[in-house]
Amino acid sequence: RGLYIDLRKEMPSGIKRNENEVIDHIKNMNYRNECNKTREFKEKYTNIGGHATELCVEYIFGKGR
């Protein structure tokens, strides 16, 4: 179906086209700035989460029922 956002604009580090671009970005990025952009992206697009394994285990073993 596609996405509802433009990843080229919204992804914290942009879209890399190949392995060399990824490596170059990692070598030259401002770590603190990238962490801030990632946190902002997460806060904007994720409303829930963080305990998926715990929820699955509880469901499988009947604690979530």
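The questions below cover confidence, helices, salt bridges, an aromatic pair and the surface.

Trainee: What is the average pLDDT of the protein chain?
Mentor: This is a predicted model, in which local features need pLDDT of at least 70, side-chain atom pairs count only at pLDDT 80 or more, and totals for chains, interfaces and linings use all residues. Residues are numbered from 1 along each chain as its sequence is written, and side-chain values use heavy atoms, with hydrogens and water left out. pLDDT is the predictor's confidence in each residue, from 0 to 100. In the protein chain 95% of the residues score at least 70, and the average is 86.

Trainee: Which element has the highest mean pLDDT?
Mentor: Helices (H or I, at least four residues) are DSSP runs, numbered from the N terminus. Helix H1, residues 7-10, has the lowest mean, 82. The highest, 93, belongs to residues 19-28, helix H2.

Trainee: How many of the 10 residues of H2 are buried?
Mentor: Buried means under 20% relative accessible area, exposed over 50%, and partly exposed in between (1.4 Å probe, protein chains only). H2 lies largely in the open, because the number of its residues that are buried is 1.

Trainee: Which residue caps the N-terminal end of H2?
Mentor: The cap is made by a side-chain oxygen, 3.0 Å from the backbone nitrogen of asparagine 20. The residue that supplies this oxygen is asparagine 18.

Trainee: Which residue forms a salt bridge with lysine 44?
Mentor: A salt bridge is a side-chain nitrogen of Lys or Arg within 4 Å of a carboxyl oxygen of Asp or Glu. A search of the whole structure finds 3 of them. In the one with lysine 44, the N to O distance is 3.2 Å and the partner is glutamate 10. This pair links distant parts of the chain, 34 residues apart: lysine 44 is in helix H3 (residues 31-45), and in helix H1 is glutamate 10.

Trainee: Is glutamate 34 buried or exposed?
Mentor: Glutamate 34 forms a salt bridge with lysine 37, with the closest N and O atoms 3.2 Å apart. Both residues lie in helix H3, about one turn of the helix from each other. Lysine 37 is partly exposed at 30% relative accessibility. Glutamate 34 has a relative accessible area of 8%, so it counts as buried.

Trainee: How far apart are the closest N and O atoms of arginine 39 and glutamate 43?
Mentor: These two are separated by about one helical turn, because they are 4 residues apart in helix H3. Arginine 39 is partly exposed at 43%, whereas glutamate 43 is exposed at 57%. They form a salt bridge, and the distance is 3.9 Å.

Trainee: What is the angle between the ring planes of phenylalanine 41 and tyrosine 45?
Mentor: Rings of Phe, Tyr and Trp (its six-membered ring) pair if their centres lie within 6.5 Å; planes under 30 degrees apart count as stacked, over 60 as edge-to-face and the rest as tilted. The structure holds 1 aromatic pair. The centres of phenylalanine 41 and tyrosine 45 are 4.9 Å apart, and the pair is tilted because the planes meet at 50°.

Trainee: What is the relative accessibility of phenylalanine 61?
Mentor: Phenylalanine 61 is in the segment after helix H4 (52-60). Phenylalanine 61 counts as exposed, because its relative accessibility is 65%.

Conventions:
Polar contact = N/O pair within 3.5 Å; in protein donor to acceptor, adjacent residues only side chain to side chain.
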